[in-house]
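This report walks through a protein chain for a reader who has not seen it before. Please keep the sequence and the model at hand while reading.

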Amino acid sequence: MLFRSLLNLITLGIYRFWGKTRLRDYIWSHLRFHDENFEYSGTGKELFFGFLFALAVLTPIVIGFSFIGLAVPDPTVQVLFAFLQGLFFLFLFQFAIYRARRYRMSRTQWRGIRAGQVGAATRYAFKAMGYMLLTALTLGLAYPWMHTALERYKVENTQFGDRPFSFDGAGQKLFPIWFVCWILLAPTL
């Protein structure tokens, strides 16, 4: 662990991708099903190039948002623009969550059978944004439904070989526990 941390420090964080790959390979190889281990076939190079691609896409967007924000002198418009910028990056974050899962699934195999993730990352991101809005409007009470709906989308779009997964979770089953936490939130603050 110390060696990996030192490598990460020396390489200014670039080793992180290879370290994450080694960690995933270790975890996957220690997961067993019917006396056979899972395999992780991802590489640090793939993660690094994915990061560079994301950086190449996001850098012009951030610079463009910054210039547009500075070009508008009205503070009200700047606040509105900052809010829209925040929504856009929240959307991209949800998109990235789904794409990262797709990558991990496509690099997971067991007995030579590959896992996979289908479904659209944009649809997942829009679904997540809608549920986040609903959760905000209900002051957090809709969170169990948001959580189960997003997990349902991920799981029902996961497959192992040609076999799709299914999901039967329900928000109403989580709600009683969530409601107790929600009630205790104010006194604990």
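Leaving aside its neighbours within four places in sequence, with which residues is Thr122 in contact? With that exclusion, and with contact meaning heavy atoms within 4.5 Å, Thr122 is in contact with Phe91 and Phe95.

## Basis of the report

This is a predicted model, in which local features need pLDDT of at least 70 and side-chain atom pairs count only at pLDDT 80 or more, while totals for chains, interfaces and linings use all residues. Residues are numbered from 1 along each chain as its sequence is written, and side-chain values use heavy atoms, with hydrogens and water left out.

## Overall form

The protein has 7 helices and 6 strands, and from the N terminus on its elements run α-α-β-β-α-α-β-β-α-α-β-β-α. The radius of gyration is 21 Å, well over the 16 Å that the globule rule gives for 189 residues, so the protein is more spread out than a compact globule. Here the radius is taken over C-alpha atoms, and the globule rule is 2.2 Å times the number of residues to the power 0.38. Helices (H or I, at least four residues) and strands (E, at least two) are DSSP runs, numbered from the N terminus.

Taken along the principal axes, the box that the C-alpha atoms fill is roughly 60 × 45 × 35 Å. Among contacts between residues at least 6 apart in sequence, 59% join residues at least 24 apart.

## Surface and charge

Of the 189 residues, 25% are buried, where buried means under 20% relative accessible area, exposed means over 50%, and partly exposed lies in between (1.4 Å probe, protein chains only). The accessible surface comes to about 12,900 Å², and 71% of that surface belongs to carbon and sulfur atoms; such areas come from the Shrake-Rupley method with a 1.4 Å probe.

## Thr21 in helix α2

Thr21 belongs to helix α2, which covers residues 16-29. Thr21 counts as buried because its relative accessibility is 10%. Not counting residues up to four places away in sequence, Thr21 touches Tyr40, Gly42, Thr43, Gly44 and Leu47.

The side chain of Thr21 also reaches two backbone atoms: the oxygen of Phe17 at 2.9 Å, and the nitrogen of Gly44 at 3.2 Å.

## Two positions in helix α5

Both Thr122 and Met132 are found in helix α5. Thr122 is partly exposed, with a relative accessible area of 38%, and Met132 counts as partly exposed at 22%. Not counting residues up to four places away in sequence, Met132 touches Leu90, Gln94 and Met146.

The C-alpha atoms of Thr122 and Val72, which are 50 residues apart along the chain, are separated by 30 Å, while Met132 and Leu12 are 120 residues apart in sequence and 35 Å apart in space, C-alpha to C-alpha.

Most residues other than glycine have a negative phi. Asp35, however, has a positive phi near 60 degrees, and its place is in the loop between β1 (32-33) and β2 (36-40). Asp35 counts as exposed, at 64% relative accessibility. Leu139 is not a glycine either, and has a positive phi of about 55 degrees; Leu139 lies in the loop between α5 (121-137) and α6 (143-156), and is exposed, with a relative accessible area of 64%.

Leu139 is also one of the residues in contact with Trp182, together with Gly140 and Leu141, when neighbours of Trp182 within four places in sequence are left aside. Trp182 lies in helix α7, residues 171-188, and is partly exposed, with a relative accessible area of 27%. The C-alpha atoms of Trp182 and Leu141 are separated by 7.5 Å, although these residues are 41 apart along the chain.

Terms used:
A polar contact is a pair of N or O atoms within 3.5 Å; within protein, one must be able to donate a hydrogen and the other to accept it, and residues adjacent in sequence count only if both atoms are side-chain atoms.
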